[in-house]
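Please consider the following model and the terms used to describe its packing.

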Amino acid sequence: MIRFDHVTFAYADAAEPTLRDVNLTVDAGELCLVIGPTGAGKSTLLGLVNGLVPHFTGGHVSGAISVDGRDTRDHKPRDMADLVGVVGQDPLAGFVTDTVEEELAYAMEQLAIEPSVMRKRVEETLDLLGIADLRNRPMRTLSGGQQQRVAIGSVLTAHPRVLVLDEPTSALDPTAAEDVLAAITRLVHDLGVTVVVAEHRMERVVQYADRVIELPGDGTARIGAPASVLATSTIAPPIVHLGRLAGWDPLPLSVRDARRVADPLRQRLSVHAQRHGMSPPMHSSVTGAAVALAADGVVVTYGDTVAVREVGVELRAGRVVALMGRNGSGKSSLLWALQGSGPRAAGRVRVGDRDPHELPAAQARALVGLVPQTPADLLYLETVAAECAQADHESDAVTGTCRKLLDRLVPDVAAEQHPRDLSEGQRLALVLAIQLTASPQVVLLDEPTRGLDYLAKDRLREILRELANEGHAIVVATHDVEFVAAAADEVIVMAQGEVVAAGATAEVVSSSPAFAPQVSKVLSPAMYLTVADVAAALEDE
Amino acid sequence: MQARRQPSIRLARPLHPGAWWLWALGMATAASRTTNPLLLVLVVVVVAQVVAARRGDAPWARGFKTYLVLGLVVIGIRVAFRVVLGGRTGAHVLFTLPQLPLPSAVHGIRIGGPVAAEGVLDAVYDGLRLATLLICVGAANVLADPKRLLKAVPAALHEAGVAVTVALTVAPQLVESAVRVRRARRLRGDTSRRFALVRTVLLPVLVDALDRSLLLAAAMDARGYGHTNAVEARRRAATAALMLGGLGGICCGVYGLLDGTAPRALGVPMLVIGAALAWTGIVVGGARVRRTRYRREPWRAPEWTVALAGVAVAGVFVATSSVDASGLIPSLQPLQWPALPLLPAIAIGFGLLPAWLAPPTRAADRVRPRAAATASAT
């Protein structure tokens, strides 16, 4: 269906080609997962399929790419619309019309499909994706999962043979991600659509994939069966790491497969647990530390909508707290209210004996630092060095403080680079360094794991741990259960603006089917959350 | 056999955007012919009443207040300039500003000096007229989904269509990201001085908007926008020339209609010629891009009545102004309380008809608070 024949691609101003001599064939009806670290060229590869790269981005292609015999050299993206459907990372950015129904019809209108056929296809697609009740809703009122499904539906109505999805679940909470993935697998199984999907959080998708394309980052590409590619790939979901640790062959890719071969491992671990006591592994030994931030009865409202309803939290020095919950459950509003910059209708926030909301911005950030959901909002200068200097100036810190912090977080950022050219992980680190320059005791991060690959997430976890050990109190709002399992000491789960669960990570996370990490699902009832925990236990023997 | 009956209840449906625009432009034409504050205020009241009765709950439908505020700003600016720069003098001097001595070379220009009631009133009337025009156009924007109007734009203009769609989509998002960036700025301590605001807020916002524009244009392309059947260059050029000529003609015609002092030949004749040219362009270029419509915008009796209501108002005003304009242009020398001319006032009443004659907006669209949306989130 899709053929890449000796394809080499370089962006106009790049020294090195992004892809080098790539040969691969994706057959009709396959679900093909594209994996690789950030910047390895996943999005570029996806863009090449329908010709958005290079027709829209510029750059030089050699070799040939064809979809169903149609060559992208002779066909513009608009002429591939009836063959290839593309859904980008941010579905909202790609919506052309205002309501769901019109959006579904849009591609068909452009392709001059008969109105009677259109009506039928719109109804079919609404049902197929389970979005019939949303038909008259304006786009902006939809939740993230709904938007993603509408975006898929909007390209599906043109009946494309190939569906290209770039990070379809990265912004979604676990349950919404399941909905979207269920819809995608249904397309593959029932309609025989060929799907090419790139995803950082492989643990969600890899079990459904027929084949995996790995882009290691040096421009090459490797395609093969999931188990064989993942056996050697540098980035892999936890379940694969567990499989490698336990020496399972073939590697199980789903929790179900893993559980079926995990009996011996479970027994070994239970023997170990009996010998050493049943206590679940704890990430931090700091207990009873000083309270860094105390909040009580915090209420945030927007018009009639109550975003946060009488929430109280206590953040202790040296602890990493994960804040979880659906999209729109009030996580961001709570973080902004705690920092003092966001609105707060009622309640009390105390850092030491001061309320950050009542202080001028410069003093508030010396108490509580916040890294917002789009860190780039904080950056506006031309070079990393200029941003660092500005941060020192803003915080009245000694010259070079910010740069030193940045070097500690990620050492390899060139001073003259433009902040917009940094990778997601580097940019996050730069903003975190800027906020740390004011040396706040409390650090809040809103969705920092979005767009990070496994390696970058590991580094972020280490950074947060180091900061916690230095006495910072840290809150991370995230959807990423695997990250929470590895990084957090405590978890707070919010729903509809209220706290529905709070406690130690192991307790909160392992008791919930949506929030449990893979390792815990495979090894339950034993309380292990990460591969590292299991490895430590096995070493003890 | 039973004859097909008109349904006894009126089904809610959006009115054809063209009908709303014709109505609004009719009201605007009427407003452009008068400086009588009583009539102008009447026009604004009628327009606001129709908007209140027939607007939906979509994002674009919430901006009417902005247009009202903008109107007030226009009047304010107009008056302020007149007070400072002088202009029309009169017998009733309200107060005297200190006058700035200017070299004799700029003869005729005065900064400061006596401020006459006649001058201020003249500025108020003029500003009110401009504000009313603005509010009429704003009402059309609020009542008719701009994107649906865009769909009615002929396929021949599809390249311009991308630009307009992107602008319409990204402009509201611009406000959103400005708020977001402004909020984020506080997180950095907000030590920036006023002049730095341009750099610290405007730059990230514009970069953001540019990124979004590119993404949207790419998405439109990937979904087949402008999917062309091969056409020869000559036909392309002919279409473009016809369309541009036609639009130019329409612009001139509208200008002629709105400005009472323009030569007669500029009004209706230019409008007709322009429309004819544009229509030819559409027909010639229409073969180029094939598109279909998911839901055809019907043009039925309500559309006719709404459009005709606007045209009627405009017609009465144009006719009155060419016969006897004294009621429409209240006298300033001598200063008089403006009288309410009967015929134009009744005519404005026609403009109110769409508040009942247009079909109601869909109930489902009206009551759908954001809270319900998030509650049912997956």
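Predicted model: local features only at pLDDT ≥ 70, side-chain atom pairs only at ≥ 80, totals over all residues.

Residues are numbered from 1 along each chain as its sequence is written, chains are lettered from A in the order in which they are written, and side-chain values use heavy atoms, without hydrogens and water.

Q: Why are H5(A) and H6(A) called roughly parallel?
A: Helix H5 (residues 144-156) of chain A packs against helix H6 (residues 174-191) of chain A at an angle of about 20°. Angles run from 0 to 180 degrees between N-to-C directions, along axes fitted to C-alpha atoms over the stretch in contact. Angles under 35 degrees count as roughly parallel, over 145 as roughly antiparallel, 65 to 115 as roughly perpendicular and the rest as oblique; the pair H5(A) and H6(A) is therefore roughly parallel.

Q: What makes H1(B) roughly antiparallel to H2(B)?
A: Helix H1 (residues 17-32) of chain B and helix H2 (residues 37-54) of chain B pack at an angle of about 165°, their axes being 10 Å apart. The relation is therefore roughly antiparallel.

Q: Which residues make the contact of H1(B) with H2(B), and how do they divide by class?
A: Contact means heavy atoms within 4.5 Å. On the side of H1(B) are Trp20(B), Trp23(B), Met27(B) and Ala31(B), while H2(B) contributes residues including Leu40(B), Val43(B) and Arg54(B). The contact of H1(B) with H2(B) has nine nonpolar residues, no polar and one charged. In this scheme Ala, Val, Leu, Ile, Met, Phe, Trp, Tyr, Cys and Pro count as nonpolar, Asp, Glu, Lys and Arg as charged, and the others, Gly among them, as polar.

Q: Why are H2(B) and H4(B) described as roughly parallel?
A: H2(B) and helix H4 (residues 117-143) of chain B pack at an angle of about 15°, and they are therefore roughly parallel to each other.

Q: How do you know that Arg223(B) forms a salt bridge with Glu103(A)?
A: A salt bridge is a side-chain nitrogen of Lys or Arg within 4 Å of a carboxyl oxygen of Asp or Glu. The closest N and O atoms of Arg223(B) and Glu103(A) are 2.6 Å apart. The rule finds seven salt bridges across the interface of chain B and chain A.

Q: What area is buried between chain B and chain A?
A: The area is about 6000 Å², of which carbon and sulfur atoms give 50%. Buried area is the accessible area (1.4 Å probe) that two parts lose on being put together, summed over both.

Note on methods: Helix = DSSP H or I, 4+ residues; strand = E, 2+ residues; numbered from the N terminus.
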